[in-house]
Amino acid sequence: MSKMPEDFLWGGALAAHQFEGGWNQAGKGPSVVDVMTAGAHGVPREITETIEDDKFYPNHEAIDFYHNYKEDIALFGEMGLKCLRTSIGWSRIFPKGDEAEPNEEGLQFYDNVFDELLKHGIEPVITLSHFEMPLHLAREYGGFRSRKVVDFFAKFSEVCFNRYKNKVKYWMTFNEINNKMDVNNPLFLWTNSGVVVEKGENAKEVMYQTGHHELLASALAVSKGREINPEFEMGAMVSHVPIYPYSSNPEDVMLAEESMRQRYFFPDVQVRGYYPTYALKEFEREGYTIKFEDGDEEILKNGKVDYLGFSYYMSTTVKSDVENNNTGDIVNGGLPNGVENPYIKSSDWGWAIDPTGLRYTLNRLYDRYQIPLFIVENGFGAVDTLEEDGSIHDPQRIEYLTSHIEALEKAVTYDGVDLMGYTPWGIIDIVSFTTGEMKKRYGMIYVDRDNEGNGSMKRSKKASFDWYKHVIQTNGEEL
Ligand code: BGP
């Protein structure tokens with residue numbers, strides 16, 4: 001295959017709550033995800049009122065990167081990663097979220113991590129909020145329902161920009177800010193925004209008002225970041241799942257087009273700096289009251305991003321003459337996985353395997369926004385087996401990643417898409433977000449830990465470890 005640009009950022013992706021552990025160490029406060037119990041294949045994760053000792057919380061210890069960060073980063077260095085995408089745990093820096101001063105021990109932890117990464121020649125790519133809002137902000141203020149939380153996020157991001165301005169260049173504001181468009185699954189509004197829809201409320205109206213505050217918070221962070229260090233690359237981050245029409249029936253085509261608005265609304269605002277007319281028309285049609293304040297338009301216009309990061313795992317398909325296209329169930333994280341696409345297979349968790357969909361996505365996003373793109377999540381969740389001799393063979397994962405890298409390489413070298421980098425999700429085994437399982441493994445490094453939290457935590461290289469190391473060494477030439 002063709003060589004990628006010399007400065008292409010081959011890396012790996014993680015999120016604080018899914019691998020760090022140390023959930024209450026060194027002053028860290030509980031986050032919204034720390035009160036989510038384990039789910040399992042098809043069983044929804046629960047949001048609990050308190051943290052009961054008798055319940056298992058998979059994110060509390062996760063894989064204990066908190067105490068193993070030097071060993072793990074040495075493995076990332078051995079793999080030859082050019083960058084590592086991860087997040088700063090908001091509640092490690094502001095345990096409750098509304099304190100006047102940040103938690104110095106939390107700030108020091110990330111100083112240590114970034115120093116270790118840079119020592120191994122690995123560029124940090126940092127998400128400010130990856131579902132880790134301080135629980136206190138959710139309980140006390142109603143999360144991003146409240147404009148006060150916009151100010152708390154602005155303060156958190158400013159502290160991070162100032163503290164790490166000489167160590168971190170690439171930033172993203174909110175992970176998969178558009179997840180919450182799927183209001184059928186309470187997991188997303190809760191983890192995205194610390195919000196629970198109350199009885200009698202219109203879920204979409206709540207989601208859009210919450211989303212407006214988050215869009216303001218994102219734009220304010222982007223403007224502040226640029227002020228603190230003009231060298232910063234400020235990105236948005238969305239989940240992108242292309243929605244195909246089931247047939248050439250114009251009704252299917254139009255339904256797919258309309259359904260894509262749930263994907264495009266948030267990045268439209270973050271990249272273009274204003275609300276799209278299809279959303280304003282929806283507010284009018286549905287009678288939603290979204291409270292804007294004077295100056296909000298200006299904030300959004302001034303806070304347009306430099307690049308768009310996105311996750312890509314699967315595609316979905318919709319058909320205009322079926323009762324319900326939104327058949328996403330908890331196994332798929334509630335994603336509207338539409339109707340069966342007869343041309344593609346799915347993973348054990350029902351996620352469609354569609355590498356061509358990644359090339360299609362890159363073209364659609366680049367045509368729409370004409371700014372650099374960054375694939376910051378793509379991966380294959382599967383059950384891996386630790387053999388007697390300690391080896392782990394993961395040919396399916398190598399096949400999945402190979403086909404998706406071929407697709408992105410075609411988008412760059414044949415279609416001319418401006419792509420900054422590629423960070424496969426879960427470079428090391430971590431806790432699955434939607435199900436709370438360890439069983440759904442993504443990593444090229446195996447971690448001996450099961451769904452119930454048992455295991456030695458020992459790290460072992462899978463077959464994909466050396467495969468990906470070679471891909472990076474040849475800059476994508478040999479897959
Ligand atoms: C995305 C999240 C990640 C990651 C990924 C895989 O939505 O940004 O945090 O978890 O999904 O999903 P899962 O872990 O449920 O397999």
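A polar contact is a pair of N or O atoms within 3.5 Å; within protein, one must be able to donate a hydrogen and the other to accept it, and residues adjacent in sequence count only if both atoms are side-chain atoms. By that rule, the side chain of Tyr442 places an N or O atom 2.5 Å from an oxygen atom of the ligand. The model is a predicted one, in which local features need pLDDT of at least 70 and side-chain atom pairs count only at pLDDT 80 or more, while totals for chains, interfaces and linings use all residues. Residues are numbered from 1 along each chain as its sequence is written, and side-chain values use heavy atoms, with hydrogens and water left out.

For Glu377, an N or O atom of the side chain is 2.7 Å from a ligand oxygen atom, and for Ser432 a polar side-chain atom lies 3.1 Å from an oxygen atom of the ligand.

We turn now to the helices, which are DSSP runs (H or I, at least four residues) numbered from the N terminus. Helix H15 (residues 395–413) packs with helix H16 (residues 463–473) at an angle of about 20°, their axes being 10 Å apart; axes are lines fitted to C-alpha atoms over the stretch in contact, and angles run from 0 to 180 degrees between N-to-C directions. H15 and H16 are therefore roughly parallel to each other, since angles under 35 degrees count as roughly parallel, over 145 as roughly antiparallel, 65 to 115 as roughly perpendicular and the rest as oblique. Their contact, meaning heavy atoms within 4.5 Å, is made by Arg397, Ile398, Leu401, Thr402 and Ile405 of H15 and by Ala463, Ser464, Trp467 and Val471 of H16.

H16 also packs with helix H3 (residues 65–79), where the axes come within 8 Å and cross at roughly 55°, which makes H3 oblique to H16. Here Leu75, Glu78 and Met79 in H3 meet Phe465, Tyr468, Lys469 and Ile472 in H16.

Elsewhere in the chain numbering, the axes of helix H11 (residues 261–272) and helix H14 (residues 355–369) come within 11 Å and cross at roughly 40°, so that H11 is oblique to H14. From H11, the residues Tyr264, Pro267, Asp268, Val271 and Arg272 make the contact, together with Arg364, Leu365, Arg368 and Tyr369 of H14.

Notes. Helix = DSSP H or I, 4+ residues; strand = E, 2+ residues; numbered from the N terminus.
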